[in-house]
Amino acid sequence: MIWKHILMAFRQIGRQRFSFGIAILGLAISLAAFGHLLSYSRYYLDYDKNAENHREWYRLRYSEVHPEMGEHASASFFIPPARMLLRDIPEVKDHIVYWPSVIALNLICDGRSFQMQERVFVSAAFPKHYKMDIIYGNPDSLLADRNGILISESFSRNFFGDVNPVGTKVYVGENPRYFISGVFKELDPNLHLRHDHYSLWFQDDEDNGSSEDDWYLRGHVRVRIPDKEDVKIVQSKLNEMLEQHRAIIGQKGQLQAYLDPISKIHFMTGLKDDAPTMSITSVYTILLLSFMLLLSALVNFLIIIGLSWKKRADEFHFRRAVGAGRKELWYQLFCEHSTYFALSLLLGVAIYLSGLGLFSSLIQIDVSRYSLLTFPIAFSTLFTLLGLAIVSGMIMSYRYSGVSLEQDVWHSIHRNRGITVLLFAQMFISFAFITLAISMALHYSFIRNIDWGWDNKNTIQYKYLTINDEGRQNYYDARLLRTRIREIPGVTKESVSNFSVISQSLDDQNGFHEVQIYLADGSLETPVSSYLSSTIPDFFETREIKVVSGSIPEEASASQVVVNQSFADKYLPNPLGSRLRMSGDEDETNWYEVVAVVEDAWFFPTYHEMIPLITILKPYVIKYYQISWQEDRKQEVLPALSALFADAAGSGVFGYSASELELAQAEFYAQDKAHKDISLFMAMFVAFIAVMGIYAVSSASIHTQMKDISIRKVCGAELSDIIRLYAKKYCYLYIGSGLVGMYLANNLIRLYNSRYAIVPAASFLAYPVAAIVMALIVFIPLCLNIIKAFKADANQYLQAD
Amino acid sequence: MIELKDLTKIYRTDTIETTALNSINLHIPEGCFFAIKGPSGCGKTTLLNILGLMDRPSRGELLLLGKNTAGFKEKELSRLRRQTIGFLFQKFNLIASLTVFENVELPLLYQKLPIASRKAKVEAMLGQLGLEARAGHFPHQLSGGQQQRVALARCVINDPRLILADEPTGNLDSGNGEEVMRLLSDLHRDGRTIVMVTHDDRYAAFAEKVIEMKDGGFAAE
């Protein structure tokens, strides 16, 4: 019997190809999209979980509490005491240190430049911690020597090809200094400390002669504490250790140590030198949205199946007439429902598997590595979905198996009530989705087109350590380099700074130093917080940063500074001529004078608020070179610049790196772009499902009321009268679902926007735009159906049977 | 009132072409009670639908109140139908989800009359037909005769000059059938033009003029 029912299900699909196509394919595509989004979420939720015994590992960090200025939380910890942990705190069973050096060296290997943007120093246990799979080299002595460099498979292939590079010497300038100690297989992309090369910091038992001066070194420190109960004990001991070394550390405030589980550090916010890789709310928002997408498709699926059964009321009546009981009808309908659902499920899995590559390229993450088979959320969702499908199938089968028994009552009293509820659910999900997607698109457009406040067009930034001094050993003369840059044909302008004009995070490594400032006007007894950096006077004019007040001298003295508008607004109403001093500066007579106020400029993404910034105008060291080229001469200028920097670095020990500004700025918002693209894609899909659902429902509901429409027609009703009549119900649905959907969207938008320091008013345009889009989605299919019904021959519905 | 000139109606499907009306010419003067008889499928109802502007002829002309309706758009047809024509059907065709009052009110609603005026007219009409006590009832709560009286009330509520009745007594017992015919006669006496399709000679006898149709044309007059 069951085969007959399954056969009947396939016959129904054949008879109503369009509506069943929408129902089954819609659910299948939603399932596949849901699977892709789960994999995407898993990528973030599983960050650092591939580390060995990840539940036992904690990141060690400190914060500094000032009585006046509150708590400044850091993501890093002091490197010297990290090595004392195993010795002094028995609860700590293991530790690792990760310290990226800000200084790039001019490394040469096989006669070619061995470019490494930064050296990354780690402790010897690092390969074990990240469960490195070693391709070449002795696994026991990978990081046994401080001159050894452990490199990744891709790094090795790019530089050495397929040759085993272990033992190959790496030169600093002309001196052999390092060697390749091993090659490891590519690490998972969602490992927090992933890099393509590592060097040894110190062996734990090695006497490195670290002195008190080393306490300024801070990096990423992890400790393994197998017993959770010991975490508090370790924290307390660490606090004691910091207190003992307080004088050496040189911090003014109260120091406090924290231990964060490593699977959570990825989402932590509020740390001054670290930004979360991803907002946890964004991950949960994506999970919620993808579940809603699935729910919407399931609702559509149920609506269309329900309507198809409604159209078959006569068939059910005839079946009863020839002896079928309600139980038999229920069984038939449930079998049909299960067949449709199973088809969707199978198709969904097929689409999921075949679409993985496409989705991975869209979001630029290889999601195929994140299997859903071991992901609890995937299982719970699948069971929820199966449960929903089975329960709804049973309920629907029960109700529709009784249609023939109570047909009149069904039509007059319960007319479409269940379907109306489902339609409401689908409309409110669509409202929420579309509003959110439009808001994200508007927000993304805003942050991508923000006025950066400075000229960044056709510009590349080189990071290379130089000084404004001629003939200093190992350093290239900054003035000479600038002259040589300007001589390159096609270069329109160049500027230099000691901060990166494309800083993802506001930290010392990028040249933004957080400092406490005393103001000389006596209005503030306590220091204020600001950022400090340095550049030379012509930077502002070259980069077209407007001077708001005062003037910037061509040749500045070491005591002259420029502040930005935010600093002035926050601390100094009349800044020109004001004097300020750094807190912690031993020489209290060392005062700076403000000579100009410049407009705020974004050298960082809008996750950060605009910072108060003081810029010293006479730096000794120059680290960043910004070079702009003539519109159509990029291909000519970039190789010339590359050759110039290679030549400059060739005579010294320092290396260099370069990045094009517009590309780097786009990289700021790569995640936002992925979110926006995913949301828009899903919103379009939901809108498509909603259009189909509304078309199917309105078509079926109008079909059942053709007689009413015909009667109204003979009573003189015009098309507009009929549209008004039927639009009324949809208007109520539209308004009701709009209110609920937009309320939900509003909460999601607030969550999403919470990671940005600035939110444009334009984002709120999403609400009226979504209302218009939804109006089109709801009323166009409805109107099309009414027009079709109005044009139909009314006579066939009015004549006697 | 009505003039048909060489009027033809052909129904086409992919493979079959059926001529429902074949070059009919007919004049129905104002105030006339006209009955059309004939076997099933002879084209009676098709003719009635064309007279009621619910269908368009394939060929020929229909002049209603001296106006050629051929070039009329759907909106103009609706207006003309609303102002001029009332329909009465065999199966009453009341809207199940509307009360008696609302069913009768329907044509006035589409004439955009103010609510007070609509209420007064409907109440008066229901009173005239002895249905005032049934105003709040739904169609399925009424007998067949009562339903047809409601349908008649709806048919004449907008004071149409032409009433088209398609087997109005077909679903009624003889008592209720007589009653409906009596009401139609009253309407005729008031000066309305009535065109009625019927099988029953007893009811055809109420008409001033009877024509018989056969195979899409008139058999006898």
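Arg192(B) counts as buried, with a relative accessibility of 12%. Here buried means under 20% relative accessible area, exposed over 50%, and partly exposed in between (1.4 Å probe, protein chains only). Its salt-bridge partner is Asp190(B), which is exposed at a relative accessible area of 60%. A salt bridge is a side-chain nitrogen of Lys or Arg within 4 Å of a carboxyl oxygen of Asp or Glu. Elsewhere, in chain A, salt bridges with shared partners link Arg482(A), Arg486(A), Glu494(A) and Asp538(A) into one network.

A word on the ground rules: this is a predicted model, in which local features need pLDDT of at least 70 and side-chain atom pairs count only at pLDDT 80 or more, while totals for chains, interfaces and linings use all residues. Residues are numbered from 1 along each chain as its sequence is written, chains are lettered from A and ligands numbered from 1 in the order in which they are written, and side-chain values use heavy atoms, leaving out hydrogens and water.

### Salt bridges

Over all chains, the structure holds 37 salt bridges. Three of them are listed here.

| Salt bridge | N to O distance |
|---|---|
| Arg61(A) and Asp260(A) | 2.6 Å |
| Glu30(B) and Arg161(B) | 3.1 Å |
| Arg192(B) and Asp190(B) | 3.9 Å |

Arg61(A) and Asp260(A) meet through their side chains. Arg61(A) belongs to strand β1 (57-66) and Asp260(A) to strand β14 (254-261) of chain A, so the pair ties together parts that are 199 residues apart in sequence. Helices (H or I, at least four residues) and strands (E, at least two) are DSSP runs, numbered from the N terminus. Both Arg61(A) and Asp260(A) are buried.

In chain B, the side chains of Glu30(B) and Arg161(B) form a salt bridge. Glu30(B) sits in the loop between β2 (17-28) and β3 (33-37), and Arg161(B) in the loop between α5 (144-156) and β7 (162-166), so this pair ties together parts that are 131 residues apart in sequence. Glu30(B) is partly exposed at 42% relative accessibility, and Arg161(B) is partly exposed at 40%.

### An enclosed strand

Let us turn to strand β4 (94-100) of chain A. Seven of its seven residues are buried, so β4(A) is largely enclosed by the rest of the structure. In a regular strand, side chains alternate between the two faces of the sheet. From β4(A), Asp94(A), Ile96(A), Tyr98(A) and Pro100(A) point one way, and His95(A), Val97(A) and Trp99(A) the other.

Two strands pair if DSSP finds at least two bridges between them. Five bridges join β4(A) to the antiparallel strand β13 (218-224) of chain A, where Arg222(A) stands opposite Ile96(A). Three bridges join β4(A) to β7 (120-122) of chain A, also antiparallel, with Val122(A) opposite Tyr98(A).

### A one-sided helix

In helix α6 (153-160) of chain A, the residues Phe155(A), Ser156(A), Phe159(A) and Phe160(A) are buried. They cover an arc of only 95° around the axis, which puts them on the same side of α6(A); the arc is that of the directions from the helix axis to the C-beta atoms. Their cover, counted by contact (heavy atoms within 4.5 Å), includes β5 (107-109), β6 (112-113), β9 (148-152), β11 (175-184) and β12 (197-200) of chain A. Gly161(A) follows α6(A) and has a positive phi, near 70°.
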